[in-house]
Amino acid sequence: MHCTLCNRWVGSLVEPSDRIDPWVKCAPPAWWGRTLAEVRGTLLREMPTPLLTLSRVALDHNRDVLAAWCRERGYELAPHGKTTMAPQLWREQLDAGAWAITVANAAQLWVARAFEIPRVLVANPILHVPALQEIAAHPEQEVLVWADAVETVERMARGLPDAAALAVLVEVGGAGGRTGARSAQTAAEVARAVLAAPNLRLAGVAGYEGALAHDRDEASRETVRAYLRSLVEVHRSLVGRYETEPVLTAGGSAYFDVVDEVFGEVEDARLVLRSGAYVAHDDGFYRHVSPLGEQPRTSGPALRPAIHGWGRVSSQPEPGLAILDAGKRDLPYDEGLPEVQNAEGVRIIALNDQHAFARFDADRAPIGIGYVVRLGLSHPCTAFDKWAYIPVLDDVDAEDPVVVDVVRTYF
């Protein structure tokens, strides 16, 4: 495939005509040597384990729900692409009205360029000089980066050609959070440094609230509110000094309702939400914490889990214990263990690299050797990165789910 933005040939971009190699983890032998288009119609029960799948009906629902939520409230959506690193899904989000795609680093930016994503937010500074020069060499792709220190700004300015015009957002942080200027004074100094650089453009204020809280109680929400107010204060201090239409951006997939509480009255900036995990949602962390989770805390339909794991019982070495053939290399575990969904009374208690430990009442055996367990997952951000190809089912809840597509990831 030819990349028009890079003006070079880029290999291995997924096409319906691409043939599947035997080392593709999700592929049954019947897929080897066949094209992606040819494997559509495979039944889920014909697939090997371990396996990760997506549900088409849930993906479409989630994409449209958050697009409508943002549209109704006057927000642009720039989904964080690092969640999926699946340009096919990025394109679907853009086609549904997303303003941009967000990435975390230069490597992810190059993926976005290869797939001709026209506008990209990089939620970090870019400090590698060759990367800065590569960005400057392709002004046809709009790129916005972040900075939280004067030295960062100066290093970016030194690495860019004099004629560049890289858009920079001042990143505001919070105590105990991740990156970001920790005071209004520091943020003002960063803005002045951007304004002083002839090859940079002051383009807005950015931040991430998700690192400051981890649940939905009122104390956590107030911590998030206070932090978001600090972003608004910095933005207001810069009105009249911006060199482009200003962007005010925050919002992961956990507190976008609180973002709206605080940003909702701002009228002199383009308000941009960067939620990423919403498109897949989950049966764990985001089910509980998302404003559109199992108990929606804001108007609109609930999101649906679109991502599931599958493991086969390969051993029952003692009463009440089953070992599955899916482990840490296949399933996320950093925000909670997978949950068994198709066998009552069975719970996952631990994961090894390639195995899951399932416990149940020793007096009854709800699962036996060969039984395929459906697993609800927690935290899609650490699920997609374990799979280069992910089958998409028509509907995971259908009586006999069918593979209708295959998503390729680029981690």
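Helices (H or I, at least four residues) and strands (E, at least two) are DSSP runs here, numbered from the N terminus.

**Ground rules.** I'm working with a predicted model, where local features need pLDDT of at least 70, side-chain atom pairs count only at pLDDT 80 or more, and totals for chains, interfaces and linings use all residues. Residues are numbered from 1 along each chain as its sequence is written, and side-chain values use heavy atoms, with hydrogens and water left out.

I started with the background: most residues other than glycine have a negative phi, and most peptide bonds are trans. Met 85 sits in the loop between strand E4 (76-77) and helix H3 (87-95), and its phi is positive, near 45°. I also checked its burial (buried is under 20% relative accessible area, exposed over 50%, partly exposed in between; 1.4 Å probe, protein chains only). Met 85 has a relative accessible area of 1%, so I logged it as buried.

His 379 went on the list too, with a positive phi near 85°. I found it in the loop between strand E17 (372-376) and strand E18 (389-393). His 379 is at 12% relative accessibility, so it counts as buried.

Next, the peptide bond from Thr 49 to Pro 50: it is cis, with omega near 0°. Pro 50 belongs to the loop between helix H1 (36-39) and strand E3 (51-55).

**Helix H4.** Just past H4, Glu 116 has a positive phi of about 60°.

**Cysteines.** I searched the whole structure for disulfides (cysteine sulfur pairs within 2.5 Å) and got 0. Cys 70 is in none, as its nearest cysteine sulfur, on Cys 381, is 17 Å away. Cys 70 is buried, at 2% relative accessible area.

**Pockets.** My search ran on a 1 Å grid over the protein atoms alone: a cavity is a set of points where a 1.4 Å probe fits but cannot get out, a pocket is an open set with protein on both sides within 12 Å along at least five of seven lines, and lining residues have an atom within 4 Å of a point. Volume is the space filled by probe spheres set on the points, which are joined across faces, edges and corners.

The largest pocket comes out at about 600 Å³. It has 36 lining residues, and His 80, Lys 82, Arg 178, Tyr 208 and Gly 210 are the closest to its centre. Where does the largest pocket lie? Domain 1 (44-54 + 302-408) and domain 2 (57-279) both contribute to the lining, so it lies between them; the domain bounds come from an automatic or database assignment.

The second largest pocket holds about 350 Å³. Its lining has 22 residues, with Glu 142, Val 143, Ala 165, Leu 166 and Ala 167 nearest the centre. Strand E7 gives the most, with 3 residues.
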